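Hi everyone, thanks for coming along. I'd like to walk you through one structure today, so let me put it up on the screen.

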Amino acid sequence: MEPRACSRPVLVAEHDGLRAGSNLNPHDIDIDALEADLNALRDELKASAGPADVVHLKKMVRWGRILTVLGYGTAWIAPNPISALLISTAIFGRWAMVAHHVIHRGYDKVAGVPEHLTSKAFAKGWRRWLDWSDWIDPEAWRHEHNTLHHYKLGEIHDPDQPEHNLEWLRDSALPRFLRYLVVLWGAVTWKPMYYAPNTMRTLYEAQQRRQGDAVEPGSLMDWRNFVPFAQPGVQLWLRSYVPYIVLHYVLVPLPFLLIGQWAYFSVLANRLMAEILTNLHAFIVIVPNHAGEDLYRFDTPIEGRGDFYLRQIVGSTNYRTGGDLNDALHGFLNYQIEHHIWPDMTMLQYRRAQPRVAEICRRHGVPYVQESVWIRVKRLVDVLVGQTTMRHWPVRAGSH
């Protein structure tokens with residue numbers, strides 16, 4: 001019988017007398033003991049993967065296909081929020097649950113998993129448009145997310161650090177209501193305007209370095225990220241923008257012309273609404289995972305596995321956990337702490353791990369932050385507009 005995932009929010013203030021707003025002294029933590037306990041749990045979890053994990057993954061894939069069929073099966077009738085919501089939720093699930101965990105090698109060593117649901121084959125070559133037909137190029141995602149974000153979490157070199165990325169907005173003279181509008185615009189255009197160009201930029205820079213070229217890291221707002229006549233914008237247009245637009249806004253709606261022009265227009269309208277909704281859904285769930293005045297940023301590199309574990313915990317937050325519907329709506333990113341400690345596990349392994357990790361953190365006096373996603377969105381937005389500031393890790397944790 002699997003341990004029941006903890007669904008009650010666990011707040012910083014509940015841990016070993018830490019007051020809300022107080023800073024953690026890393027030298028108060030026995031980092032070697034923390035590492036040993038988490039390593040022991042990791043080994044236990046690794047041995048737990050089996051047929052149930054494969055069945056569950058296939059179930060999540062099936063849910064996405066059903067939502068897609070229902071969405072497009074009704075999208076031709078008229079522009080309506082129900083069809084758009086069905087399509088958008090399917091798009092979100094393919095990224096957050098399937099692509100995310102499969103590309104992280106979470107299912108590579110699970111017996112019985114189909115090859116196309118392993119990192120060796122998923123979204124490779126022509127399967128990209130079958131497995132994960134999104135704005136984001138899979139190879140660029142592997143480098144930007146799996147490597148840079150996970151192993152430089154909260155550092156200046158983390159390409160997905162929200163506070164750093166929006167320093168220009170935090171420091172601007174814009175009135176506060178305009179700052180909120182900027183954040184909203186960013187949320188509804190998130191993948192095409194941020195994630196696709198940012199992942200392609202980091203991949204291009206890595207490719208240039210491998211060729212021995214001197215590369216000055218580009219900025220998020222560099223015009224060359226977006227234009228089709230300079231690098232890395234050329235790669236972005238050829239590998240992301242053009243094929244995505246042709247597939248989703250030309251080829252998919254085209255057969256509905258057989259029903260009539262109104263059906264074609266309705267499908268296009270619903271697909272555009274789904275684009276906005278899925279961007280907003282992903283932004284709400286993903287971006288708050290590592291932002292808030294109660295989470296840490298880091299000014300120094302990681303020192304060993306124990307330090308890595310500790311940083312992933314105090315630099316991440318969970319949401320409410322438990323149950324397939326709740327977890328699927330969160331994209332299983334409500335287990336962000338467990339995922340950042342061990343990036344290469346299955347969705348069910350994170351569910352099994354969650355209460356155990358929370359208990360280990362309580363025992364070692366490590367803040368384990370878990371709150372409603374809506375509370376975390378408020379904390380994120382406060383950081384983005386300059387209302388609050390994240391904590392900075394005082395020193396390297398090191399080993400005792």
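This is a predicted model: local features need pLDDT of at least 70, side-chain atom pairs count only at pLDDT 80 or more; totals for chains, interfaces and linings use all residues.

Let's start with the aromatic side chains. The structure holds 19 aromatic pairs. Take Trp95 and Trp141: their rings sit edge-to-face, 5.7 Å centre to centre, with 75° between the planes. That pair links distant parts of the chain, since Trp95 belongs to helix H3 (residues 81–103) and Trp141 to helix H5 (residues 138–151), 46 residues apart. Are these two tryptophans buried or exposed? Both Trp95 and Trp141 are buried.

Now a second pair, Trp262 with Phe265, which is tilted: 5.5 Å centre to centre and 40° between the planes. Phe265 has a relative accessible area of 45%, so it counts as partly exposed.

Coming back to Trp95 and Trp141, ring pairs join them into a cluster with Trp132, Trp190, Tyr194, Tyr195 and Phe283.

Last stop, helix H8, residues 176–188. With 13 residues at 1.5 Å a residue, H8 should span 18 Å, and its end C-alpha atoms are 19 Å apart, so the two agree. Which residues of H8 are buried? They are Arg179, Val183, Ala187 and Val188. And what covers them? The cover includes helices H7 (167–170), H9 (190–210), H11 (261–286) and H16 (373–384).

That's my tour, and I'm happy to take questions.

Definitions and conventions:
Residues are numbered from 1 along each chain as its sequence is written. Side-chain values use heavy atoms; hydrogens and water are left out. Helices (H or I, at least four residues) and strands (E, at least two) are DSSP runs, numbered from the N terminus. The expected span of a helix is 1.5 Å times one less than its number of residues. Buried means under 20% relative accessible area, exposed over 50%, partly exposed in between (1.4 Å probe, protein chains only). Contact means heavy atoms within 4.5 Å. Rings of Phe, Tyr and Trp (its six-membered ring) pair if their centres lie within 6.5 Å; planes under 30 degrees apart count as stacked, over 60 as edge-to-face and the rest as tilted.
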